[in-house]
Amino acid sequence: MGRVVVVENLTLDGVMQAPGGADEDTRGGFGHGGWARPYADPVIAEKMGMGRAMSGDGGLLFGRRTYEQFHGFWPKQTDGNPFTEVLDRRRKYVASRSLLEPLPWRNSVLVRGDAADSVAALKRDVEGDLVVLGSGELVRSLTRAGLVDVYTLAIHPLTLGTGTRLFAEGEHAYGTLELVEASPAPNGVIVATYRPAS
């Protein structure tokens, strides 16, 4: 049986929207895209488990928007970076009600129907970790359904005051998390791994 492992960049006030670039996600007039870039660090990426996410059993699990953004960027990176080839080879599961097969990126599988029901079935069928990168709407859906097994959060030392949050107000019932591991980086980022408390 697989696990759902959520890997996210967050601000101190919980914003997860558009950490990587100015035009990544401007919904709601969001003007702070790229806020995580000044903190980029290979040590942080390793602490977030990006190596395991890219190479382990299971696969990557995306919502439509994040999948299209990754597909629009990574296959075009021909500078010899290690991520392009690894992402191309990696099994990618995409939860979407609007996309149709065949999906454009090699090794991509469409997850049909209600996301929570489909991912619950996927967890039963897949060995290893199903790693969710970004995909805020999908993460919130899986959280509401109690399907997330691990949250690995890179918490950045800044606040934005606006933007989509990982745990949106009014969307989640009271819940507690158990800290598994925490690693501070010299640049102020804390990589914290949590699991839902039993």
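## The overall picture

The chain holds six helices and eight strands, where helices (H or I, at least four residues) and strands (E, at least two) are DSSP runs, numbered from the N terminus. Going along the sequence, they come in the pattern β-α-α-β-α-α-β-β-α-β-α-β-β-β. This is a predicted model, so to speak: local features need pLDDT of at least 70, side-chain atom pairs count only at pLDDT 80 or more, and totals for chains, interfaces and linings use all residues. Residues are numbered from 1 along each chain as its sequence is written, and side-chain values use heavy atoms, with hydrogens and water left out.

Eight strands make an open sheet in the order β4-β3-β2-β5-β1-β6-β8-β7, with mixed pairing; two strands pair if DSSP finds at least two bridges between them. At the edges you'll find β4 (108–111) and β7 (177–184), each with a single partner strand, so one side of each has no neighbour in the sheet. From one strand to the next, the twist averages 25°.

Over at the β7 end, β7 pairs with β8 (residues 190–196) in the antiparallel sense over seven bridges. Glu181 stands opposite Thr193 in β8.

## Helices on the sheet

Helix α3 (residues 64–73) lies across β2, β3, β4 and β5, running at about 105° to β2. Helix α6 packs on the sheet too, touching β1, β2, β3, β5 and β6, and its direction makes about 110° with that of β2. For these angles, axes are lines fitted to C-alpha atoms, for helices over the stretch in contact, and angles run from 0 to 180 degrees between N-to-C directions.

Seven of the nine residues of α6 (residues 136–144) are buried, so the helix is largely enclosed by the rest of the structure. Among them are Leu138, Ser141 and Leu142. Just after α6, Gly146 takes a positive phi of about 70°.

## A look at Ala115

Ala115 sits in helix α5 (residues 115–125) and, at 17% relative accessibility, counts as buried. Leaving aside residues up to four places away in sequence, Ala115 touches Ala95, Leu138, Ser141 and Leu142, a contact being heavy atoms within 4.5 Å. Ala115 and Gly63 are 52 residues apart in sequence and 9.1 Å apart in space, C-alpha to C-alpha.

Technical notes:
Buried means under 20% relative accessible area, exposed over 50%, partly exposed in between (1.4 Å probe, protein chains only).
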